[in-house]
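Dear colleague,

Please find the structure below, handed over for your own work.

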Amino acid sequence: MHQFISRALAPAIALLLSCTITTVWANHHEHESHGSHAAHAAQTNSMTKGEIRRIDSGTRKLTIRHEAIPDLDMAAMTMAFRVADTVPVDKLKVGDKIRFSLGKVEGKWVVVAMETDTSP
Ligand SMILES: [Cu+2]
């Protein structure tokens, strides 16, 4: 009798197990794609056009009037950004037209790349 039950249950258990494995895999997969999505969100993909409105070289903060940033769901506005240590700010002047990209550093968006905008 015991034998019979286990034999009858075996396919059900096998199904249950494969089901669990599929679920674990699906969760893992979802988690992974979520992770890459978060990584994607940690850096803007395109350069944003902006104009320097204020330079605070002491705190390495720039106030930039920037165009909309679709990656960040951000409308065009004037706002202050911290600038990564790798980006030089000493040659900048108020009124300079720039293109920049942002990266998330310690939970805050900072300017991680910048170039002067030569397009008209
Ligand atoms: Cu903004």
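Please note that this is a predicted model.

Aspartate 73 sits in the loop that joins E2 to strand E3 (77-83). Its phi is positive, at about 60°, although the residue is not a glycine.

Arginine 60 also shows a positive phi, near 55°, and is likewise a residue other than glycine. The loop that holds arginine 60 runs between strand E1 (48-56) and strand E2 (61-66). Is arginine 60 exposed, or only partly exposed? Arginine 60 is partly exposed, because 16 other C-beta atoms lie within 10 Å, and this class falls between the limits of 12 or fewer for exposed and 20 or more for buried.

As for the sheet, five strands form a closed barrel in the order E1-E2-E3-E5-E4, and their pairing is mixed. On average, neighbouring strands of this sheet are turned by 55° against each other, with direction ignored.

In which sense do E3 and strand E5 (residues 108-116) pair? The two strands pair in the parallel sense, over two bridges. Valine 83 stands opposite valine 111, which belongs to E5.

With kind regards

Technical notes: Residues numbered from 1 in each chain as written. Predicted model: local features only at pLDDT ≥ 70, side-chain atom pairs only at ≥ 80, totals over all residues. Helix = DSSP H or I, 4+ residues; strand = E, 2+ residues; numbered from the N terminus. Pairing = 2+ DSSP bridges. Axes fitted to C-alpha atoms, helices over the stretch in contact; angles between N-to-C directions.
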